[in-house]
Amino acid sequence: MAEQVGTCATCGAATATSRRRHARYCSNACRQRAYRQRVSEPVTALDSFIGRDDELSRLKGLSDARLLTLVGPAGVGKTRLAKELTSGQAGVARVELASVSNVARACATALGIGEVTREPVLSTLVRALTGRTTVLVMDNCEHVVGECAALLEPLLLGCPGVRVIATSREPLRVPGEALFAVQPLPITCAVELFADRARANQLGLRLDDPEVLAALCMRLDRLPLAIELAARLVTVLPVRELLARLDDRLELLNRGNRTAAERHQSLRAAIAWSYGRLSADEQHVFRCLSSFPGDFGLDLAVAACDLPSDRVLALLSALVAKSLLTFSGAGRFEQLESVRLYGRERLAEQVN
């Protein structure tokens, strides 16, 4: 097959390409140079990071964990927390998995290795990372948890210098995994975040009613994504009126950053990302639970779902694991208000 001329991504020299293969680098030396540059790039953000000092301190105390998974509901700030945790560290590589199906290949691409080898990708990764000190940040693992688990167990066993920080809406369930549940912001930090983002959207904005601000952030479940989406609306709604309209938040909160992933463009899309990955029985229970105005016990859930008690308990456990439900102790379960409103939308669709 006739070859064409490509350009090395590191030095700009010519590389041989064909219809079946494109060589990104002219030599192994350039490939490794690109890898070292990529994993040393600092992780930065364009806006301020507010709160989470206690969480960062606790997470830094877990530096011995080979696999640390940040788990929590949609919009709670797992990705941003992982970025802040690894900011300024050397040897960090980040893998965005939200739109990925081949986890091993995505990791190899992020690390700059494995482009031209004919070995299985896992073998390539283990061989390339043996003897190196690397922090691999795997972001948004929830839709590929099985593939992540299948990759990470042999990778961590074969590469003692590799540490993984994952973000997911459910655990990866890999031996040795340390789970850190990311909680909604404390109310003072939630209010500070809203004020910061609101004033960025409208310079000189006066926010002089702390009780209304606190009520607004509490109704938004103290979720950073919901708070930031709400802050964009100060250009068209006074804060007090915004608070009064939060029963319609799934319609209102739909103006995310243009560069954000689609699932973060609106609050509805963020929750739908989780709902769409539930089994049919899990979706059924999720919808039924949304009819409750507050917390509930197993007996009430069984009556609402019309399923055997043991089956409902198993499904409740699955929803807790997937961050769509929380166990509050004393046999009680809770849903975030935004999650409950989404469930009611889906329940209304089933009724109609």
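In what order do the strands of the open sheet of three strands stand, and is their pairing parallel or antiparallel?

Tutor: The model is a predicted one, in which local features need pLDDT of at least 70, side-chain atom pairs count only at pLDDT 80 or more, and totals for chains, interfaces and linings use all residues. Residues are numbered from 1 along each chain as its sequence is written, and side-chain values use heavy atoms, with hydrogens and water left out.

The three strands are ordered 8-10-9, and their pairing is antiparallel. Strands (E, at least two residues) and helices (H or I, at least four residues) are DSSP runs, numbered from the N terminus. Two strands pair if DSSP finds at least two bridges between them. Strands of a sheet pair through backbone hydrogen bonds, either parallel or antiparallel.

Strand 8 (296-297) and strand 9 (326-329) are at the edges; each has a single partner strand, so one side of each lacks a neighbour in the sheet. Strand 8 pairs with strand 10 (residues 332-334) over two bridges, in the antiparallel sense. Strand 9 is joined to strand 10 by three bridges, and these two strands also run antiparallel. Arg332 of strand 10 is the bridge partner of Gly297, and Arg332 is likewise the bridge partner of Gly329. Strands 9 and 10 form a hairpin with two residues between them, and Ala330 in the turn has a positive phi of about 55°.

Strand 9 leads us to a pocket. The second largest pocket has a volume of about 410 Å³, and strand 9 and helix 15 (309-321) are the elements that give two or more residues to its lining. A pocket, on a 1 Å grid over the protein atoms alone, is an open set of points where a 1.4 Å probe fits, with protein on both sides within 12 Å along at least five of seven lines; lining residues have an atom within 4 Å of a point. Grid points are joined across faces, edges and corners, and the volume is the space filled by probe spheres set on the points. Among the 24 lining residues, Pro73, Val182, Gln183, Leu325 and Thr326 are the closest to the centre. By class, the lining has 14 nonpolar, five polar and five charged residues. Here Ala, Val, Leu, Ile, Met, Phe, Trp, Tyr, Cys and Pro count as nonpolar, Asp, Glu, Lys and Arg as charged, and the others, Gly among them, as polar.

Two helices may be described next. Helix 13 (residues 280-289) packs with helix 14 (residues 298-305) at an angle of about 110°, their axes being 9 Å apart. Axes are lines fitted to C-alpha atoms, for helices over the stretch in contact, and angles run from 0 to 180 degrees between N-to-C directions. The two helices are therefore roughly perpendicular, a term for angles of 65 to 115 degrees (under 35 is roughly parallel, over 145 roughly antiparallel, and the rest oblique). His284, Val285, Cys288 and Leu289 of helix 13 meet Ala301, Ala304 and Cys305 of helix 14, where contact means heavy atoms within 4.5 Å. This contact has six nonpolar, one polar and no charged residues.

For contrast, an open sheet of five strands has the order 4-5-6-3-7, with parallel pairing. Its edge strands, strand 4 (92-96) and strand 7 (177-181), each pair on one side only.
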